[in-house]
Amino acid sequence: MARISNTRTRILDIAQSAVLAKGFDATSIEEIVAEAEISKGGFFYHFPDKNALAQALIERYIDEEDSLFDNLFGRARELSDDPLQVFLIGLKLLAELLEDIPGGHPGCLVATAAYQDRLFDAGVRQRNKDGATAWRARFKGHLEEIVEQYPPRDAVDLDDLADMVTGVSEGGIILNKIFGDPTHVVRQIMLFRSYIKLLFSPGAN
Amino acid sequence: MDTRVEILKHAMQMVLSEGFDRTTINRVAERAGVSRSGVFYHFADKTALAEGLMHMFMDENNAVFDRIFAEARHLSDDPLHAFLIGLKMLQDVFTDLPDVHPGCLVAMTVYQERLYEARVHSLTRRSSESWRRRFRHMLDEIAEVYPPNTQVDLDDLADMLGVCIDGGIILSKAHQAPELIAAQIGMYRSVIKLMFAAGRG
């Protein structure tokens, strides 16, 4: 059993790095099989086709991000009772985590799937949408607690503000890749954090 | 009709919807209604085609930015107000799109990094550097009149507009909701307001 799940994980790891470097379409089952040193039959035992592989990749990626956010913002909750401070600490922890990844964040699978969505079946598209919707709900939950205590200093839609966590991360990762500089996404998240402070802190300066 | 432009238009559509690897010279030729040699007359190889696309992308963006921010500057002498007006106009440009945004060529290129030659990547960098210079210049003018309300690196703040647009495009694609790009530009507008507007609260 352990060997089977190891093979599955290995296939997913190999596919993920290939997909992030050149896209889903240019990633062939043949090259994954060769790199994993398994037979084609071995591949198809785990994934009946490329869509099944794509769906598994997206699911794993979103699960990993979810547990990462659970950890960071859970830890932030342990450190403070104040919802604004919790959110600010969580963002700081996120920035630190991104800073510590050797070579920088490898890229976001949700972005690649969004860009290549015509290649995928409805199941993959739906999973991608569900993932983005869950991130929105997660951060909106924090923001709703914040606005109860700290009225915002500008009229903002909390859905859009919650989306901004994802947006700034995605845009920041793209900037990393453009300039070959992994610090961009870190700095963009810290900039977003400064904005949150200005938006909610009474008499901030 | 300009054959070169026609080829680029079809190639752009194909790259953004299907990726660079599926964008073969054969398929581009067929779509554009020209022969293979017709394509090769204008573009020596696929890398030349990719460079042509990046140049077209940069020219189109520059034209939109030039028009919008000149008009905004015309409407207000105040650099902060002019920038905020320009951003509002930029929101309108994205709101008026008929469908989900086809995507950002730069984002597509970096996510298919391994398929492109170094020449193309240096062009994507140039494109982003020109955005940074353009908006940094506007932010410098603003900061002279309105000292920022918090410590902020103006290069990062200049980059943040492109970040919000790219992030907005990905959000709009993931949610199949075209309005999310304008929404994220609106958020950037709010960032600028709070960073610089004096006498808050």
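Helix axes are lines fitted to C-alpha atoms over the stretch in contact, and angles between them run from 0 to 180 degrees between N-to-C directions. Helices (H or I, at least four residues) and strands (E, at least two) are DSSP runs, numbered from the N terminus. The model is predicted: local features need pLDDT of at least 70, side-chain atom pairs count only at pLDDT 80 or more, and totals for chains, interfaces and linings use all residues. Residues are numbered from 1 along each chain as its sequence is written, while chains are lettered from A and ligands numbered from 1 in the order in which they are written.

The axes of α9(A) and helix α8 (residues 154-175) of chain B come within 10 Å and cross at roughly 95 degrees. That angle makes α9(A) roughly perpendicular to α8(B), a label that covers 65 to 115 degrees, with angles under 35 degrees counted as roughly parallel, over 145 as roughly antiparallel and the rest as oblique. On the α9(A) side the residues are A:R187, A:Q188 and A:L191, and these meet B:D156, B:L157, B:M160 and B:V163 in α8(B). Residues are taken to be in contact if their C-beta atoms, placed from the backbone, lie within 7 Å. Four nonpolar, one polar and two charged residues form this contact. In this classification Ala, Val, Leu, Ile, Met, Phe, Trp, Tyr, Cys and Pro count as nonpolar, Asp, Glu, Lys and Arg as charged, and the others, Gly among them, as polar.

α8(A) packs with α9(B) at an angle of about 90 degrees, and the two axes are 10 Å apart. α8(A) is therefore roughly perpendicular to α9(B). A:D160, A:L161, A:D163, A:M164 and A:G167 of α8(A) contact B:L180, B:A183, B:Q184, B:G186 and B:M187 of α9(B). By class this contact holds five nonpolar, three polar and two charged residues.

Over the whole interface, 44 residues of chain A are in contact with 50 residues of chain B. On the chain A side, at least two residues each come from α1 (2-22), α6 (109-115), α7 (122-149), α8 (158-179) and α9 (184-200). α8(A) gives the most, with 15 residues. The chain A side divides into 19 nonpolar, 13 polar and 12 charged residues.

The largest nonpolar core has 122 residues, of which A:V110, A:I189, B:L53, B:A107, B:I185 and B:Y188 touch the most other members. Such a core is a set of buried Ala, Val, Leu, Ile, Met, Phe, Trp, Tyr and Cys residues joined through C-beta atoms within 7 Å. Helix α9 (residues 179-196) of chain B supplies the largest share of this core, 12 residues. Residues up to four places away in sequence aside, A:V110 touches A:Y61, A:N128, A:G131, A:A132 and B:A174.

Chain B has nine helices and zero strands. Its C-alpha trace spans about 65 × 35 × 30 Å along its principal axes. Among contacts in chain B with a separation of 6 or more, 61% join residues 24 or more positions apart.

Chain A is assigned domain 1 (1-48) and domain 2 (51-200), with bounds from an automatic or database domain assignment. The centres of these domains, taken over C-alpha atoms, are separated by 27 Å.

Notes
Two residues are in contact if their C-beta atoms, placed from the backbone, lie within 7 Å. A residue is buried if 20 or more other C-beta atoms lie within 10 Å of its own, exposed if 12 or fewer, and partly exposed in between; C-beta atoms are placed from the backbone.
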